[in-house]
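Welcome, and please open the model in your viewer. We will go from stop to stop, selecting a few residues each time.

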Amino acid sequence: MKKSVFMLIAMVLTLLLVVGCGGEKQEKKAEYKPTVKKVVATYVQAPLNVPSIVQKERKSFEDAYKAYNLPFEYSTITSGADQTAALASGDIQLLNCVGGSSVLISAAAGADIKIISVYANAPKAFKLFSKDDNIKNPADLKGKTIAGPKGTILHELLAAYLKKGGLSMKDVKFVSMGLPAARAAVEAGKVDAALQAGPLAYTAEKAGLHIVTNGEGLVSGLTVTATSSKFYKENKPLVDEFLKVQKSTLKYMQENKAEAMKMTAKATQLKPEAVEAMYPLYDFNPEIKDITKQNLKETQEFLVSAGIMQKKVDVDKLFF
C-alpha cells in the first residue's frame, strides 16, 4: 500500500511539473507582443530556390504565423538592391534569399541589416559561356567583351577567373546587363562571352554554348536570409519561427524529394529532368560556418576593388 501511495504522489508531482512548465511557456508567449501587424518576406524563385517554392506551395509561413494571429505575405522583389531597400524602409521584415554582395553593399551604406542563416551555396550553378570553344582559359579572354549583371556573384566569378590567369577586369570589356539580354547578346555574336546562372545556364548548355568555367573553386555562390537588428530585437519569436520553417522545409525536401521536385517543375515551368539535373548543384544547409564568413570577406574584397563598395564593413558583425 505504501508503495502505491508513493507512486501516486510521484505521478501527481510529475503532472504538476509538466503543467507548470507548459503554463510558463504559454505565459511567456502571451507576454510577447508583436510590433508588426503582418509578416512580409521576399519570394525569390530563381535561380532554383527549391525551399522557397516548397514553402509557398505548402503555405508553411502562413501556418507558422497563425500562432501569433499575424497574416503572412510574400513580396516578389528579386533585385538584391531593392530587397535591402525594402527591408530598410520596413515594408519587408525578412529577406528569404538575398545575395551576400547585396547585404555588404547595404551595410556599407549604413543600413541596419543582419544575416540570420545561409540560404544556399551553389558555385557550380554560376557559369561563363561563349560560342567560341577556343576560349578555354583566362588568357583567351584578354580584350574580349563579356556581358553579365554588375555587382553580383557572376561578376565576382568573372573577376576571380581572370585573376586565376594573372589578369584583371581591366583586361576585358565588361558590359553590365541582365541574364536574358546577356544570353541573347552572346548568341547574336554581339559579345564574346556571357555570364549565366540557374535555369538560364542549364538551357544555354543544352543549346550548345561552350562552358568556359563555372564558379567551383572561384566563388561560393552564397545567398543568405536576413532581417534588421531592430526587427530581431523587437520580434525575436517571429524570427525564430522563420528559422524553424526553414529547417522543417529542408527536412520535408529530404523525406519527400519527388514531391519537392514536382512542385519546383510546376512553379518554374521546367521539365522534371531539368530540375533533377540542376538540384544537386545547390547546398541548402542553413548553418553559418567559419567558411561562410570567410567567403563573405572575399566577396567584400572584390566589391571594394571593383569600386562597387567605397568602404569596408566588419563582416563578423553582420551575423547574429
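A charge sits over a ring if NZ of Lys or CZ of Arg is within 6 Å of the ring centre and within 35 degrees of the ring normal. Before using that, note that this is a predicted model, in which local features need pLDDT of at least 70 and side-chain atom pairs count only at pLDDT 80 or more, while totals for chains, interfaces and linings use all residues. Residues are numbered from 1 along each chain as its sequence is written, and side-chain values use heavy atoms, with hydrogens and water left out.

**Stop 1: a lysine and its rings**

Select Lys56, Tyr43 and Tyr74. The charged end of Lys56 sits over the ring of Tyr74, 5.8 Å from its centre. The ring of Tyr43 also has the charged end of Lys56 over it, at 4.2 Å from the ring centre.

Are Tyr282 and Phe284 buried or exposed? Buried means under 20% relative accessible area, exposed over 50%, and partly exposed in between, for a 1.4 Å probe and protein chains only. Tyr282 has 10% relative accessibility, so it counts as buried. Phe284 is buried too, at 7%.

**Stop 2**

Helices (H or I, at least four residues) and strands (E, at least two) are DSSP runs, numbered from the N terminus. Select Gln55, which is found in helix H2 (residues 50-58). Gln55 counts as buried because its relative accessibility is 1%. Its side chain is joined to that of Thr249 by a polar contact of 3.3 Å. Such a contact is a pair of N or O atoms within 3.5 Å; within protein, one must be able to donate a hydrogen and the other to accept it, and residues adjacent in sequence count only if both atoms are side-chain atoms.

Next, select Pro47, in the loop between strand E1 (39-42) and H2. The peptide bond joining Ala46 and Pro47 is cis, with omega about 5 degrees.

Then go to Lys59, in the loop between H2 and helix H3 (60-66). Lys59 is not a glycine, yet its phi is positive, near 55 degrees. With 49% relative accessibility, Lys59 counts as partly exposed. Another positive phi belongs to Cys97, near 110 degrees. Cys97 lies in strand E3 and is buried, with a relative accessible area of 5%.

**Stop 3: the open spaces**

Rolling a probe the size of a water molecule over the atoms shows where empty space is left. On a 1 Å grid over the protein atoms alone, a cavity is a set of points where a 1.4 Å probe fits but cannot get out, and a pocket is an open set with protein on both sides within 12 Å along at least five of seven lines; lining residues have an atom within 4 Å of a point. Grid points are joined across faces, edges and corners, and a volume is the space filled by probe spheres set on the points.

Select Ala46, Thr78, Gly80, Gly99 and Thr152. Of the 37 residues that line the largest pocket, these lie nearest its centre. The volume of this pocket is about 810 Å³.

For the second largest pocket, of about 480 Å³, select Ala159, Ala160, Lys163, Phe302 and Ser305, which lie nearest its centre among 20 lining residues. Helix H6 gives the largest share of that lining, six residues.

**Stop 4: the enclosed space**

How many cavities of 30 Å³ or more does the structure hold? There is one, and the largest cavity has a volume of about 70 Å³. H5, H6 and H13 are the elements that give two or more residues to its lining. To see that lining, select residues including Gly99, Ser101, Glu156, Leu222 and Thr299.
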